[in-house]
Amino acid sequence: MEGEQLNGIQLNEFLIGYLKKRGFNSAAKGLEEDLHHNKGSDNNVSSFTSIDYHNDPELTKLIRSFSQSEDDPTRYRECYSKLRSWAYNSLDLYKHELLRVMYPVFIHCYMDLVGKGHTQEARVFFNSFRKDHEMIHLRDLQKLEGVLAPSHLEEMEFARSLRKSKVNIKICQYSYDLLLQYLHRTESTLMLGIINEHINFQVYSGQPTSASDDIEAVTIVGSFQDTANHINQKEIQWGLLEDSLEDRLEKTGGLLSDFEKGQGESKDGDADDSKKRSTEIGKQGSSIKKLKKDKAGNATAKVARLETSTVPPAPRVKSELALPVMSTDVEQSILEDLRNRVQLSSVAMPSVSFYTFVNSHNGLNCASISHDGSLVSGGFSDSSIKIWDMAKIGQAGALQGEDDTNDPNVGPTGRRSYTLLLGHSGPVYSANFSPPGDFVLSSSADTTIRLWSTKLNSNLVCYKGHNYPVWDVQFSPFGHYFASCSHDRTARIWTMDQIQPLRIMAGHLSDVDCVQWHPNCNYIATGSSDKTVRLWDVQTGECVRIFIGHRSMVLSLAMSPDGRYMASGDEDGTIMMWDLSTARCITPLMGHNSCVWSLSYSGEGSLLASGSADCTVKLWDVTSSTKLTKAEEKNGNSNRLRSLRTFPTKSTPVQALRFSRRNLLFAAGAISKPAS
């Protein structure tokens, strides 16, 4: 067989079949047409037949190597190992771009081996090289680990979507040329076939971008991307509600400048103090007085107003839900807060109040802060919920999490300074206050959602519907309605007076980890472990937007006050800002080096606060982030321009953030012992 050459017909058939199998359809079609055109032609002068490919021993040898590699499982490990060594030994300038190719090649080599029934060789291959990709793709590798038979490739949704999709990889011209030269020089036909079949290269001229600058360097395309593009064509109404409280204030000119607020304070500050507003007014009033004393205070207020005035006003839309009637007292309280809101901007930073849980013994799963900052709740692994009233605690320095024989929360009368709520039969993963603060919703591993009264300190309703742990629950901006999301891959819309869900949103491919309402209550957003964010119409239950770009599970969401933008934070520490109307990422915000657990926009929408497991709170300039030019995008300093300030904690991961209506920033987390 060594010296035997293929005859012309066999060679033609094999070559055309191989080209079609590997996706070179246009080349196969061209070859067929050329052969058909030249059949019976004695005087053939085509460029194709100028090479005597029928009798060329080198070409015959190469074609035979194709067929041998198809059935030899050891070739996958050998070829991948050589490609890996070449990429890692490349120049540092191009190495990070060449290494982008390795992960898609790795997973498709593994799936090819499994698909051909070489299970043992597939396991050896997987275990030999998995450590290269664990840092970024650990969760995907854990899913692929369960693919052990050809049938799994069809049965498992994740594997099936990978096989049907292609990966877009951005790469500079020189890196692309280097890769092709290597593949042709080494005759790595196996790697060349996999790369051609599963990778789309987006080649650009010039020098390669730095490893961390381009968040869209590697993206998945294919049938799912086509579905997303189709869904993202749907029209959405992202504006604010007609006749909202903010709308009324704008029409009547009720929003005061900092200077006007200062004048008001000097005249009737005593009356305001006697009215109430416990913790927040006290702290925020002092921050306003400091601005008054500061000579630059007036100037910064003018800059803030100038920045916000350049943004076109949000359109007004009608609510698709029957919204609850707000009581007069609550309405007056909110209007008072809005009138006294501090205007924030890149030159006018907010005051930050941080609530630290101590002695929680790693039991704190979630924290939540009421809209005025007067109440703080914690959900614990022992299935309990604890609520602290800041007015009662007074100047106490920290929040005690667990009971102790010498618990400082237990006063001389033997009464705790927090309210203990018991009812769940599993760890509590989310707790959320209603806008007025009179109710708390909690979700748990026991698959239920419970409604609690902060006035009666008791459980009112238990909502059952999810089949697996419920990761998050959120009240709508107007109360009464709430949304939940679960390990069962669904999100659900509920109302307080019904024990069955009104809508079930299904479509995510993995856990739905977080949920957030749009300011106009017509939409909810969900973030998932499938690395996507979806926007759902509350009235119809349909998905109207799919946001693709995250490289890890999405853990937090926030909507801008005007409903125009959305921010999402993931497990890797990346924050992405999205335009809801186009479903495009405006800008990635890079700076955190661990999970982003919480996000919150300031009242006027000029700042975004983020809280992370890296024990920091960061403030981002939303205005400049949405106005960056292309030149600034290419500049490596763009991320530093967007990040305004970082507030580090001593050793406290930030689990909750909230801007109050008056623009005071509240944060909460449990202090953790630093690793020794």
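Predicted model: local features only at pLDDT ≥ 70, side-chain atom pairs only at ≥ 80, totals over all residues.
Residues are numbered from 1 along each chain as its sequence is written, and side-chain values use heavy atoms, with hydrogens and water left out.

The protein has 22 helices and 33 strands, these being DSSP runs numbered from the N terminus (helices H or I, at least four residues; strands E, at least two). Of its 676 residues, 52% are buried, where buried means under 20% relative accessible area, exposed over 50% and partly exposed in between, with a 1.4 Å probe and protein chains only. Among contacts (heavy atoms within 4.5 Å) with a separation of 6 or more, 59% are between residues 24 or more positions apart.

Two packed helices are described by the angle between their axes and the distance between the axes. The axes of helix 4 (residues 74-88) and helix 5 (residues 92-99) come within 8 Å and cross at roughly 145°; axes are lines fitted to C-alpha atoms, for helices over the stretch in contact, and angles run from 0 to 180 degrees between N-to-C directions. Helix 4 contributes Trp 86, Ala 87 and Tyr 88 to the contact, and helix 5 contributes Lys 95, Leu 98 and Leu 99.

Residues 357-390 are 3% helix and 59% strand, with end C-alpha atoms 13 Å apart, while residues 421-453 are 0% helix and 61% strand, with end C-alpha atoms 10 Å apart.

Gln 474 lies in strand 16 (residues 470-475) and counts as buried because its relative accessibility is 17%. Its side chain makes a polar contact (a pair of N or O atoms within 3.5 Å; within protein, one must be able to donate a hydrogen and the other to accept it, and residues adjacent in sequence count only if both atoms are side-chain atoms) with the side chain of Asn 432 at 3.2 Å, and another of 3.4 Å joins the side chains of Gln 474 and Asp 472.

Thr 587, in strand 27 (residues 584-589), is buried, since its relative accessible area is 0%. The side chain of Thr 587 makes a polar contact of 2.9 Å with the side chain of Arg 642.
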